[in-house]
Amino acid sequence: MSAPVSEERRAPNRKKSRCVCVSVCVSVGSDSSHNNPTGLVFAVTYERLVEMEHRAAWTKTKTDNMDTDSVSIWPRMEPFLLGALQVAPSSKLSLHYLRKMAIYVRTRDGCFPILGWPMWRHIACGKLQLPEDLAWLYFETFDLLIGHTPEERLEWAECLSQCSSKSELDQQRNKLSVDTLQFLLFLYIQQLNRVSLRTSLIGEEWPSHRTRSPSPSDRETKTSSQNKNWDDQAHLSFVQSHLAEVLELLVEPGQLSQSGQALRDCQISLEAVRSLGLLLEGSACHGRAVQPVHRLLTKGPLQTRAGYSTLSRSFPLHKLLSCLQQNLTLNPFGMTACLRSGKKLAWAQQVEGAMKRAKIARNTHTAPPGSKMVLMSQVFKQTLAKTSDRLTGANIKIHRCSDAFIYLLSPLRSVSVDKCRDCTVVLGPVETSVHIHSCQNLRVVCVAGRVAIGASSRCTVHALTPTRPLLLPGNTDITLGPFHTFYPSLEDHMASVGLAVVPNVWDRPLLLGTEGLVNPSLNVSSNPDPACYRLLPPAEFHTLVVPFQMEGDTCEVPGGLPPPYQAALDEKQKRIQNWQKTVMEARLNKEQKRQFQELVEVKFHEWLLEAGHRQELDSLIPPTMASLKDSNGPAGDTARVNDNKHIRTGQAAGQSPMAC
């Protein structure tokens with residue numbers, strides 16, 4: 001007995017289990033004459049041990065399930081918002097062709113894991129029979145979507161500005177490359193805007209086990225935004241319905257059947273799942289930091305459920321698919337959440353009840369970079385102006401506004417103007433894209449990475465952009481003009497998002513249809529399509545004044561005006577000088593000057609009323625000193641007002657009745 005005692009003393013933490021073992025041994029060795037059945041104690045003790053083991057396993061399983069249930073994975077907003085072109089995709093980008101491309105790039109040198117422009121051009125033009133301009137459009141759009149520093153973008157712009165021929169331009173483009181698998185996924189999500197026959201007939205997708213019935217708030221969100229690029233409900237439904245096909249594109253060719261479909265027992269490598277981070281992200285529980293999807297799948301409660309093997313560094317396809325589908329949820333930083341629980345914003349002053357329907361909500365105080373958004377809806381007969389850090393890097397949606405003048409003078413991530421009419425929208429530099437959809441009689445002034453216009457009429461866009469404007473189906477009477485305004489901090493804002501003054505191709509639009517370019521021969525400025533768009537005639541050109549006082553060094557239009565427009569402006573200035581000279585040489589007496597001034601003012605006010613500019617000027621009058629304070633922050637956060645001077649323009653600076 002001394003040995004067991006000494007062992008027990010050496011390991012006191014094992015004392016309890018040691019006692020159980022001794023009890024069993026003594027019982028087994030007992031004599032039957034003591035009326036103590038030998039096997040009974042052993043059976044009871046063993047049964048208790050099994051019960052304890054099962055209870056512990058059940059508790060562990062329950063804990064794991066609770067931990068797993070707390071993990072959320074959702075579709076990222078930006079790939080759908082900025083990456084999916086707002087037009088039905090070419091049939092050449094169907095799953096059938098993308099499967100072939102997935103096999104091709106994995107079995108050819110120079111295509112995987114990085115795909116350069118020369119090889120993509122070979123695949124797109126030689127294999128898929130796409131026009132080169134369309135192939136470049138997809139490549140350029142993906143490059144615009146992924147992260148580049150402002151310095152890298154400015155360096156790229158400098159290289160392009162030095163190209164004087166197509167061969168030099170091709171040499172520069174040949175230096176660009178993208179992640180092969182992520183580019184495949186980018187091409188696949190172009191199906192987001194595919195026209196479905198059943199949807200067009202009944203207005204909604206047919207019910208399926210993958211989609212849930214929308215709640216009343218979901219339906220409200222759906223009706224407020226028919227643009228799928230913004231609709232996080234559509235993003236979730238798309239991923240739920242197509243996740244199996246998405247994962248198939250990531251499977252290596254050796255694990256595919258002859259028809260190109262993935263075998264059930266095939267594996268997906270960790271590197272391939274890493275590329276899935278383009279579309280999916282998540283968090284371990286509510287309030288935790290947002291993580292790429294591959295990190296959530298390779299540790300914690302999801303590792304076992306997804307079947308991740310640290311030895312092979314891969315996932316079984318069927319387990320990975322099941323795990324992702326069970327944990328998919330709506331983006332907590334999407335439009336639905338922003339409308340539900342985002343910070344609601346109000347104007348410091350409302351004019352005659354016109355703003356009762358107007359709503360502005362933002363999630364910029366909680367959302368991570370890339371998911372920040374500001375939603376503006378139903379601004380009516382109002383001037384709204386803002387320059388603020390709350391706007392910087394945000395995706396802006398301007399929806400159903402009318403008879404409004406909107407100035408957002410901060411560096412922005414993207415802007416969508418949807419179903420607006422009779423409005424003027426002046427924007428700070430937009431890093432990615434400005435998309436105009438279903439608008440009428442709209443004027444937009446912007447510096448942007450890309451401009452896209454679809455299903456709109458009688459709209460004028462003054463743009464400075466390094467990429468060719470996209471004219472999508474459904475446009476009529478679109479006018480394109482050069483960027484023609486400035487505000488003091490404009491050039492600093494441009495540098496912060498990596499936009500330069502050259503190259504500037506505002507006057508070379510691309511007409512994009514469902515099967516690619518519409519009559520490519522028309523896509524040159526010398527031979528425009530008059531039924532769709534026109535270039536603004538220099539005789540109709542006027543500059544735009546931003547009537548707010550701000551700090552900064554910009555005192556002219558960045559890059560200047562194109563020579564024909566500058567010449568037209570000089571001619572108008574010359575006529576003004578001649579008019580002033582004629583008035584001075586008339587030598588009018590005091591009474592004649594008074595009568596003449598009254599006549600000019602009457603005619604001027606008649607013109608303001610006829611042209612609709614009277615409302616714009618009236619709304620710039622500073623209401624009260626109280627409105628100088630931002631209702632959600634310090635007074636310095638709002639566009640400052642000084643009605644005594646505006647040195648660079650000669651006009652009074654005005655205060656917007658809006659706090660944001």
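Reader: What should I know about the model and its numbering first?
Author: The model is predicted, so to speak of local features pLDDT of at least 70 is needed, side-chain atom pairs count only at pLDDT 80 or more, and totals for chains, interfaces and linings use all residues. Residues are numbered from 1 along each chain as its sequence is written, and side-chain values use heavy atoms, with hydrogens and water left out.

Reader: How many cavities of 30 Å³ or more are there in the whole structure?
Author: The search finds 6, a cavity being a set of points on a 1 Å grid over the protein atoms alone where a 1.4 Å probe fits but cannot get out, with volume taken as the space filled by probe spheres set on the points, which are joined across faces, edges and corners.

Reader: And which residues are closest to the centre of the largest cavity?
Author: The largest holds about 130 Å³ of space, and of its 13 lining residues (an atom within 4 Å of a point) the closest to the centre are Leu82, Leu85, Thr141, Ser433 and Arg450.

Reader: Switching topic, what is Phe183 in contact with?
Author: Leaving aside neighbours within four places in sequence, Phe183 has contacts (heavy atoms within 4.5 Å) with Met101, Leu115, Trp120, Tyr138, Phe139, Phe142 and Val178.

Conventions. 1 Å grid on protein atoms, 1.4 Å probe; cavity = no way out; pocket = protein on both sides within 12 Å on 5 of 7 lines; lining within 4 Å.
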